[in-house]
Amino acid sequence: MKTAELFKIKQVLSFEIFPPKRTASIDTMYSTLDELKDLHPDFISVTYGAGGSANNNATLEIASAIKNSYGMESVAHLPGINLSQEDVLFLLNGLKRNGIENILALRGDINPDIKPCGDFKYASELVSFIKEHGNFNIISACYPEGHPESNSMINDIRNLKHKVDAGTDQLITQLFLDNSYYYAFQERAAIAGIDVPIEAGIMPVVNKKQIERMVTLCGVNLPKKFVRMMERYEDNPIAMRDAGIAYAVDQIVDLFAQGVDGIHLYTMNNPYIAQKIYEAVYRLLAA
Ligand code: FAD
């Protein structure tokens, strides 16, 4: 099923997972998927590392297992920056063979040690290419606080409109910790004529190292109440985890109440956290 269809009938709850490291067996994913299946996500997306060090063959294998062994809808991430057109065609054929209809088409983060291939400079070029070469549902990334490389919100939204016009069916946001960024972004997108569903990407932050990485990588702003929470619980991992879950639940309750199209939960391959959040919000999904 094309996941964009889901938004016509409900507020969506989806999960993101990442493949195990190259040195780890893919079998470790199956216990994670066993647990996530019980939470009835509308789909699960599987990341693909643009940097070259990740276990990228595993993306197809895991996305295929989600769809064909677990009977859930899956989305395969596909960052184009270090791939040639030939590579992408090869990957698209693999997805077709496995019945995977949904692709999150990305540029990928630029690794200073790897010269970009040059075939796909921006995600919009990859979106057009995928559109030409198959009947896929195409998802793209968007950034409520602006993409870190972008010099203005206006240019960022113009580029996003271009990406949607190229064939994007659905959007998923970068994580944010202050919902007001999401609402302001939603308004800018509507003004720009972007009318595809926009899922809010929510990451439960459960340790200090994780958030430091996110701030460096994604340039996400830390609201005062979030910083105070970190300071209060940073030396108590269990309290920090529970506070991080409660913070994410608070964000989700507000987003659902405001009629968000869907929530994409960055699970960090941690079924415990996904389960606690699901338990807190699943009745909202049915309401
Ligand atoms: P683009 O849409 O190409 O945008 C990148 C920058 O270029 C932006 O600043 C944009 O404004 C600008 N731009 C776009 N078009 C033009 C143009 N025509 N002219 C000038 N400037 C332009 N990375 C991975 O490697 N693997 C993953 O699995 C992965 N999953 C992700 C999932 C989500 C939900 C999100 C939000 C991000 C994910 N990323 C992943 C990270 C992503 O690859 C990076 O954020 C990357 O820096 C940008 O990717 P993009 O697809 O948004 O790029």
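Reader: Which residues around the ligand come nearest?

Author: A residue counts as near a molecule or strand if one of its heavy atoms lies within 4 Å of it. Here, 22 residues are around the ligand, and Tyr48, Asp109, Tyr143, Asp156 and Lys163 come nearest. Keep in mind that this is a predicted model, where local features need pLDDT of at least 70 and side-chain atom pairs count only at pLDDT 80 or more, while totals for chains, interfaces and linings use all residues. Residues are numbered from 1 along each chain as its sequence is written, and side-chain values use heavy atoms, with hydrogens and water left out.

Reader: What classes of residue does the shell around the ligand have?

Author: The sorting goes like this: Ala, Val, Leu, Ile, Met, Phe, Trp, Tyr, Cys and Pro are nonpolar, Asp, Glu, Lys and Arg are charged, and the others, Gly among them, are polar. By that scheme, the shell has eleven nonpolar, seven polar and four charged residues.

Reader: And which elements supply at least two residues of the shell?

Author: Helices (H or I, at least four residues) and strands (E, at least two) are DSSP runs, numbered from the N terminus. In this model, β3 (74-79), β4 (102-106) and α5 (153-165) each supply at least two residues. The most come from α5, which gives three.

Reader: Is β3 buried or exposed?

Author: Buried means under 20% relative accessible area, exposed over 50%, and partly exposed in between (1.4 Å probe, protein chains only). Six of the six residues of β3 are buried, so β3 is largely enclosed by the rest of the structure. Ser74, Ala76 and Leu78 point one way, while Val75, His77 and Pro79 point the other way.

Reader: Which strands does β3 pair with?

Author: Two strands pair if DSSP finds at least two bridges between them. β2 pairs with β3 in the parallel sense over three bridges, and Val46 has Ala76 as its bridge partner in β3. Five bridges join β3 to β4, also running parallel; there, Pro79 is partnered by Leu106 in β4. From β3 the chain crosses through helix α3 (residues 85-97) to β4, a right-handed β-α-β crossover. Right-handed means that, with the strands pointing away from the viewer, the path from the first strand over the helix to the second runs clockwise.

Reader: What about β7: how many of its residues are buried?

Author: Five of the five residues of β7 (residues 198-202) are buried, so β7 is largely enclosed by the rest of the structure. Ile198, Ala200 and Ile202 are on one side, with Glu199 and Gly201 on the other. Strand β6 (residues 170-173) pairs with β7 in parallel over two bridges, and Ile172 has Glu199 as its bridge partner. Together with helix α6 (residues 179-191), β6 and β7 make a right-handed β-α-β unit. Four bridges join β7 to the parallel strand β8 (residues 262-266), where His264 stands opposite Gly201.

Reader: Where are His40 and Met268, and what is their phi?

Author: Most residues other than glycine have a negative phi. His40, in the loop between α1 (28-37) and β2 (43-46), has a positive phi of about 50°. His40 is exposed, with a relative accessible area of 58%. Met268, in the loop between β8 and α10 (271-286), has a positive phi of about 55°. Met268 is partly exposed, at 33% relative accessible area.
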